[in-house]
Amino acid sequence: MNRSRFDFRIKFDANREVFALMVAPEVTSLDGRGVAPKAYEAHAICMSPNLFVVRIPDNEIPSDFVAVGDNNLPRGVQLIELRFVGSKVCFTFQISDEALLHVTPTVYRAWMLSLLQAGVSLDAFARE
């Protein structure tokens, strides 16, 4: 049996001057072997609560990936909606401030915290 999970991380896109929340569906076999997942950029919908949507082509999701489960999301992340739009699967996630800080690289963490506290973090992410 394989283990499915979503991998989340934040990177800073200097060209666009925005943070990018990257999401990757990952499947790991019980013996620990897995394929390095391709990450897709999620777009911010709103920040109170923190909602992000990511669209992944259905042919790029591993065939044995299970999107719904108890252990496939990090603490502070909830899968709010899963829907199929054309040839893509749209995942909408609600992410707590703590979870956003956790996936933010250390060098940007104080910056992200100040944006969250000021209530302007939506402006720091790519939007729909």
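Biologist: Which residues is threonine 92 in contact with, leaving aside its neighbours within four places in sequence?

Modeller: This is a predicted model, in which local features need pLDDT of at least 70, side-chain atom pairs count only at pLDDT 80 or more, and totals for chains, interfaces and linings use all residues. Residues are numbered from 1 along each chain as its sequence is written, and side-chain values use heavy atoms, with hydrogens and water left out. Contact means heavy atoms within 4.5 Å. On that basis, the partners of threonine 92 are Ile45, Phe52, Val53, Gln78, Leu79, Ile80 and Glu81.

Biologist: Is threonine 92 buried or exposed?

Modeller: Threonine 92 has its place in strand β6, residues 88-95; strands are DSSP runs (E, at least two residues), numbered from the N terminus. Buried means under 20% relative accessible area, exposed over 50%, and partly exposed in between (1.4 Å probe, protein chains only). The relative accessible area of threonine 92 is 7%, so this residue is buried.

Biologist: Which side chain does the side chain of asparagine 50 join in a polar contact?

Modeller: Asparagine 50 lies in strand β4, residues 50-57, and is buried at 4% relative accessible area. Among the residues that asparagine 50 touches, not counting those up to four places away in sequence, are Phe93, Ile95 and Asp97. A polar contact is a pair of N or O atoms within 3.5 Å; within protein, one must be able to donate a hydrogen and the other to accept it, and residues adjacent in sequence count only if both atoms are side-chain atoms. At 2.7 Å, the partner side chain is that of aspartate 97.

Note on methods. Helix = DSSP H or I, 4+ residues; strand = E, 2+ residues; numbered from the N terminus.
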